[in-house]
Amino acid sequence: MPRATIPLVLLTSTLLAGALHAAPSVYPTGVTRYDPAKAYNQYVIFSGADKQTHLIDMNGNEVRNWPQAGFPSAIIDPQLVGGERGRVLLQLKDKDPGPLGSAGNGLGNQSVGELDWNGKLVWQWGEQAPGGAAQQHHDQRRLSNGNTLVLANKVHKVAGFKVPQVIDDVIYEVSPDGQVKWQWLASEHLKEFGLTPAQLQLVRGTSNPDYLHINNLSVVGPNRWFDAGDKRFAPDNLLIDSRNANFIAIIDKHSAKVVWRLGPNLAPIEPKSAGKLPRPVDQFVGQHDAHIIPAGLPGAGNLLVFDNQGTAGYPSVPLGLIAGSRVLEIDPIKREIVWQYSAASSRQPGWAFYSSFISSARRLPNGNTLIDEGMNGRFFQVTGAGEIVWEYVSPYLGKAPGSEAVSNWVYRALPVNYDWVPEGTPRSQTAVQAPEPQLKQASAGI
């Protein structure tokens, strides 16, 4: 049976971005609308604010739970593990991260590991990591060669910075036996990120040791640009984005150099032409989950990114008085926005869709897009025309980042095909009709 809609109390605090945000104190949770004929039917996996990982069906029923969190929870393609279905990468052990730690970095994360469908530990990495702890944050990915990519932190002194130690972003490629086979350190590539000399001075002078806050690591994957001869888009190259510095970049896996970049300095959003498509990429701010849409999906080869429009930049990018978040699909060669989603796409005011931090967006096989409005724990599918055909609000509560307040925030929500789970796993696909909004006329004489 579908999960019942349950009222829960939410104390919302937008802590990482400093932006004000209003929310009701009582609100529905679970699936609030669902059109099985228009939605792409699947499971969704996410780690909730309760620090557990949940796999839900289209009616919000939890079909599997792992009592560990993922930052994010990452699924493993069964083809990479001998056909075994239902394997995940999660964080396994943490500790007090100390004075530099926060919900936005991995300083408290001691180990990451692979768990099977039943929660049995298959692989673990932490004690063998540099410094004796994984310190993984924001991403981890299993590669086709059996190694695992880990985006992590490294606390160390970097010459020229105001702070005594920076929280640097480091990428490790780890073999099954725990050995680091390749690594990349952000501070060694500062001049490759498109920052002006004045901006670099601000970076080095910041009081925030987490100066870049790289929040995404993905593999470029097979794509039409490389097939046409553009070596920057080699399938084994890596794509990252920096929340704090507003850039997206591709790293050449062999030279370790940045070979393609978008941002940080883009044209301001022009309200009068903000709906025109295609158009040159305008300023994204504090973005998350940038990746190349995989081969075989509508829009394959284009870049998909959740543009938070949160506070970020060197100096901080000024935002509009009434603004919301966006999901952008970008032609990476022409550097044009070819599709976008904002609240206006669903005939809602701009502020109706907004998450100043976290969040994600993934293209689905039927052309829909699964979006996680992370600050509010809300996932939904939209069609290419912006119609919301599935919507879910997480009922799983925990502490808001950096606070004692209660929230249902979700860093990332990932689509999971039905054939990823073991055969016989239950699922429900019962339509949920949402009430149609009605405009009420004012009473005469008022």
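**Figure 1. Open sheet of four strands in the predicted model.** The strands follow the order β11-β12-β13-β14, and their pairing is antiparallel. The edges are formed by β11 (136-142) and β14 (180-185); each has a single partner strand, so one side of each lacks a neighbour in the sheet. On average, neighbouring strands of this sheet are turned by 30° against each other, direction ignored.

**Figure 2. Pairing of strands β13 and β14.** Strand β13 comprises residues 166-174 and runs antiparallel to β14, to which it is joined by five bridges. Within this view, Y172 has Q183 of β14 as its bridge partner.

**Figure 3. Secondary structure and overall dimensions of the protein.** The protein contains two helices and 30 strands. Its radius of gyration is 21 Å, close to the 22 Å that the globule rule gives for 446 residues; the protein is therefore as compact as a globular protein of that length. Taken along the principal axes, the box filled by the C-alpha atoms is roughly 70 × 50 × 50 Å.

Terms used. Residues are numbered from 1 along each chain as its sequence is written. This is a predicted model: local features need pLDDT of at least 70, side-chain atom pairs count only at pLDDT 80 or more; totals for chains, interfaces and linings use all residues. Side-chain values use heavy atoms; hydrogens and water are left out. Two strands pair if DSSP finds at least two bridges between them. Axes are lines fitted to C-alpha atoms, for helices over the stretch in contact, and angles run from 0 to 180 degrees between N-to-C directions. The radius of gyration is taken over C-alpha atoms; the globule rule is 2.2 Å times the number of residues to the power 0.38.
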